[in-house]
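Hello,

Here is the structure I promised to pass on to you. Please open it first, and then read my notes alongside.

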Amino acid sequence: MLKYFTFGTNDEESQLLDQWRRESDRNENLFQEMDSPDFWERAIDPIHKKMQEEQWHLLQMKIRIIKDQGELVRDDIEKTYKRIRRRLYIRRLSSVAAVLVLLCGIGVSVWKYAGTWDKSKGMEQIESIRPGGKKAVLYLASGETIPLAKVTGEIQKEGTVIRVDEKDGVSYDPVTEEKEKIVHRIVVPRGGEYKMELGDGTKIWLNSDSEISYPVQFAEDKRAVTLRGEAYFEVSKDESRPFIVNVEQMTVKVYGTKFNVNSQMKGIVETVLVEGRVGIIADDKEIILLPKQKAVYDQEKGDVYVQNVDITSYVAWKDGNFVFDNASLGAIMDKLSLWYDVDVFYGNDEVRNVHLSGDMVRYKEIQNLLYFFEQISDVKFEIKGRTIVVNYK
Amino acid sequence: MFSDKSIEVVDLSDSKQFKANYERYFTALKHFAMHYLGDEEMVFDLLQDFFLKLWEKGESFKNEEVFKVYLYRGVRNNCLTYIRDKKRAEKRLEDYGSDEVEEDFVSRVIESEVFSLINQVFEELPESCKRVYRLSLEGKSHQEIADELHIAINTIKRHKNNANHYIKDRLEKLLVLMMLISSDI
């Protein structure tokens with residue numbers, strides 16, 4: 001395996017390798033060891049990264065303590081730490097809880113450290129391009145704004161209770177009293193994403209550069225919201241009230257289900273159904289969509305085109321992944337530009353039609369994905385400030 | 001754009017560099033120390049101490065090669081010290097360190113670096129490629145992988161091709177790297 005991966009067709013290097021191997025038994029043995037599938041299997045085990053991250057967090061905690069308490073405490077901490085640990089037979093102290101329990105015994109207040117751990121996913125920044133994150137602003141009916149990424153807890157506004165949670169986003173308590181039609185709006189900027197839950201239990205994930213308006217209390221005969229951009233919906237079942245998404249010039253009528261609506265491409269609305277049943281209503285016509293189908297509404301032509309698809313690539317974003325299945329580079333870069341909030345410039349227009357596949361956690365740096373694409377195609381990328389320049393090699 | 005150019009100066013007092021170097025060398029140093037200590041828990045303890053001291057000293061190094069040698073020698077010395085202390089405490093007759101030959105040290109460094117590099121390059125692959133590749137290394141056939149992951153056989157071939165292509169490109173300078181390591185140490 002080693003030889004295959006490293007020396008391919010390069011004869012000169014191949015000879016150098018053979019020479020090195022012949023130099024001594026030790027070299028040969030080393031080569032054999034590194035050549036074995038077993039060596040590779042162990043090397044690619046995902047546990048290495050996990051261990052490294054755990055150990056780093058542990059190290060960071062000790063460093064913070066030393067910074068705060070001064071060096072004199074350091075030896076004491078290390079000794080006490082080891083002593084207590086051996087006594088309790090705790091094998092690998094990587095979980096926060098275990099370490100907190102131990103350090104409390106030394107009389108150091110550690111609670112504040114748990115929250116301040118550097119939880120940044122991904123590597124250090126080379127340029128200033130960051131992957132997206134939770135960013136959203138809530139607009140109340142009065143026009144008052146609430147920056148959702150910065151607050152948590154319960155807010156009582158306009159007669160309703162709004163909960164903001166770090167993990168689950170915004171959620172509304174069901175409203176029972178009669179209320180005047182109060183409409184709220186959540187706006188997610190470029191480079192953002194946000195999750196929310198309406199009063200009826202419907203969950204909505206919003207992607208970058210998207211916004212959704214909804215009444216705090218739904219009408220009696222229907223639940224209607226208006227979307228711009230892209231969102232993934234998990235609509236709670238309510239047979240008496242169909243759920244309706246108004247997007248651009250068309251409507252998606254939902255009968256209790258999971259689907260993705262994307263209106264980020266100009267003049268087109270793409271709806272992909274995961275589970276359940278929806279109706280696509282445009283120009284007074286309704287077309288029923290079945291699971292694993294995609295409907296593309298073309299505003300100009302005014303028609304809806306349905307096809308069977310592998311839905312993974314359309315809904316992966318909601319779980320934090322990019323999945324590209326033989327997609328055109330143009331479409332890929334469009335999505336990346338929204339999430340990373342960057343501009344794209346094509347040195348050669350044709351390069352947009354290069355088709356690529358790949359998937360990646362989208363909280364990683366953009367360089368990872370671009371680098372991968374460079375290796376598997378004829379395309380090359382250059383990052384200049386906040387612009388990505390795309391060209392053929 | 002993504003060059004492997006060595007940094008001119010390695011400055012450990014810079015927290016960003018400190019973290020980057022930790023991430024870069026951890027897997028290799030762990031693999032390396034395991035040769036001496038054999039116990040994962042002890043190795044983690046040792047590396048914690050080692051990096052804590054590195055952080056406290058906040059030293060700078062002229063170049064990457066000098067830094068690399070410093071790291072490996074430092075960890076090795078710590079390992080040998082630990083073994084000697086343990087031996088003294090337990091009064092055993094086994095002798096780990098004193099007849100170690102310099103060549104052994106170099107081989108171990110090379111092996112650890114290669115191990116870590118394979119790990120790093122592999123981590124850069126997309127998830128689906130990784131999944132397919134791991135199963136493939138276990139000896140599973142394309143059909144078995146297709147059944148397990150619920151994807152088409154063509155997709156599997158595509159993933160494997162992409163992965164091979166990528167790994168090859170990234171590792172092609174490996175021999176040069178290995179020779180460089182041997183000459184520096």
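Which residue in S11(A) is the bridge partner of Ser213(A)? The partner is Thr226(A).

Before going on, a word on the ground rules. This is a predicted model, in which local features need pLDDT of at least 70 and side-chain atom pairs count only at pLDDT 80 or more, while totals for chains, interfaces and linings use all residues. Residues are numbered from 1 along each chain as its sequence is written, chains are lettered from A and ligands numbered from 1 in the order in which they are written, and side-chain values use heavy atoms, leaving out hydrogens and water.

Now to the strands (DSSP runs of E, at least two residues, numbered from the N terminus, as are helices, which are runs of H or I of at least four residues). S10(A) covers residues 210–215, and three bridges join it to S11(A), residues 223–228, in an antiparallel arrangement. Strands count as paired if DSSP finds at least two bridges between them. S7(A), residues 183–188, also runs antiparallel to S10(A), with six bridges joining the two. Among these pairings, His184(A) has Tyr214(A) as its bridge partner.

Six of the six residues of S10(A) are buried, so the strand is largely enclosed by the rest of the structure. Buried means under 20% relative accessible area, exposed over 50%, and partly exposed in between, with a 1.4 Å probe and protein chains only. In a regular strand, side chains alternate between the two faces of the sheet. Here one side carries Ser210(A), Ile212(A) and Tyr214(A), the other Glu211(A), Ser213(A) and Pro215(A), and all are buried.

Next, have a look at H10(A), residues 329–340. Nine of its 12 residues are buried, including Trp339(A) and Tyr340(A). Just after this helix, Asp341(A) takes a positive phi of about 55°.

The two chains also meet through helices. H11(A), residues 366–376, packs against H7(B), residues 153–171, at an angle of about 100°, with axes 9 Å apart. That makes H11(A) roughly perpendicular to H7(B) (the label for 65 to 115 degrees; under 35 is roughly parallel, over 145 roughly antiparallel and the rest oblique). On the H11(A) side, the residues in contact (heavy atoms within 4.5 Å) are Tyr371(A), Phe372(A), Gln375(A) and Ile376(A). They meet Asn162(B), His165(B), Tyr166(B), Asp169(B) and Arg170(B) in H7(B).

Finally, chain B has eight helices and two strands, and buried residues make up 49% of its 185 residues.

Enjoy exploring!

Key
Axes are lines fitted to C-alpha atoms, for helices over the stretch in contact, and angles run from 0 to 180 degrees between N-to-C directions. The expected span of a helix is 1.5 Å times one less than its number of residues.
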